[in-house]
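Notes follow in the order I looked things up.

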Amino acid sequence: MQVSIPLVDVSVQTISDESVATKHQMLRELIAGMGRVIVAFSGGIDSTLVLKVAYDALGENALGATAVSPSLAHAEREETANLARWIGVRHLFVETHELDNPNYAANPSNRCYFCKSELYDVLVPIAAQRGYRFILDGNNADDVGDFRPGQQAAREHGVRSPLKEAGFTKAEIRTLARQLGLPNWDKPAMACLSSRIPYGQAVTVPALRQIDEAEAFLRSLGFRQLRVRHHDNLARLEVEPEM
């Protein structure tokens, strides 16, 4: 077993409450001006905060939409449903079929582009049919400059990133989430199960199922922050040093 350094720092840095309050107001006004929105809701802290503020600003005119496919951990599906109920917002599960795309299944370095393109290809018609003016994601100011192929798909589909537009950093997102009482304010960064498979190694349903079951088993033992990396016939476990 390989033991790595912590996967993410979930501590809340010392941040000006006034600055966070100003950005919170800016975010709320920004989303309120959109009128009617769908939030691409993964259950991570970023999209949870967007969904919470969207509901606060728009009420029934906000909808959370979560993509369901073999790359979504079973526990994550349950958590998105629970979070949506906690917020009180309407929530929709949509099926996506990114594994049917050979460009995705081949697992290139821009795999996320094909995943997000599939998601937005599903959400754009839903938005048009139901009268939602905008689709929102959880990208933030700290994502600028990172290698994030999914952002290209977002731009191509006209998806907006209100956290980034309001200038929120990751630390500020966690600060505001904690102030608003979001139950997942300190949740470690998560990614889809396909991210556990090295680039160039094919993404398959059996491999994703193995990863999902392995991580669920480790969490049942008390591990919270972890990854099970899938290397064909070898699993590499990444956990916090103290575990």
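Started with the handedness of the crossover: S1, helix H2 (residues 45-58) and S2 form a right-handed β-α-β unit. Right-handed here means that, with the strands pointing away from the viewer, the path from the first strand over the helix to the second runs clockwise. Helices (H or I, at least four residues) and strands (E, at least two) are DSSP runs, numbered from the N terminus.

Housekeeping before I forget. This is a predicted model, where local features need pLDDT of at least 70 and side-chain atom pairs count only at pLDDT 80 or more, while totals for chains, interfaces and linings use all residues. Residues are numbered from 1 along each chain as its sequence is written, and side-chain values use heavy atoms, with hydrogens and water left out.

Next I looked up the sheet. What is the strand order in the open sheet? I read S3-S2-S1-S4, 4 strands with parallel pairing; two strands count as paired if DSSP finds at least two bridges between them. Strand S3 (90-95) and S4 are the edge strands, each pairing on one side only. From one strand to the next, the twist averages 30 degrees.

Then I went through the pairs.

- S1 runs parallel to strand S2 (residues 62-68), joined by 4 bridges, and Val39 sits opposite Gly64 in S2.
- S1 also pairs with strand S4 (residues 134-136) in the parallel sense, over 3 bridges; here Val37 faces Phe134.
- S2 and S3 are parallel too, with 6 bridges, and Thr66 has Phe93 in S3 as its bridge partner.

Axes are lines fitted to C-alpha atoms, for helices over the stretch in contact, and angles run from 0 to 180 degrees between N-to-C directions. Contact means heavy atoms within 4.5 Å.

Are the side chains of S1 buried or exposed? In S1 (residues 37-40), Val37 and Val39 on one side and Ile38 and Ala40 on the other are all buried, so both faces are covered. Buried is under 20% relative accessible area, exposed over 50%, partly exposed in between (1.4 Å probe, protein chains only).

Ser161 counts as buried because its relative accessible area is 9%. Leaving aside neighbours within four places in sequence, Ser161 is in contact with Asp137 and Asn139.
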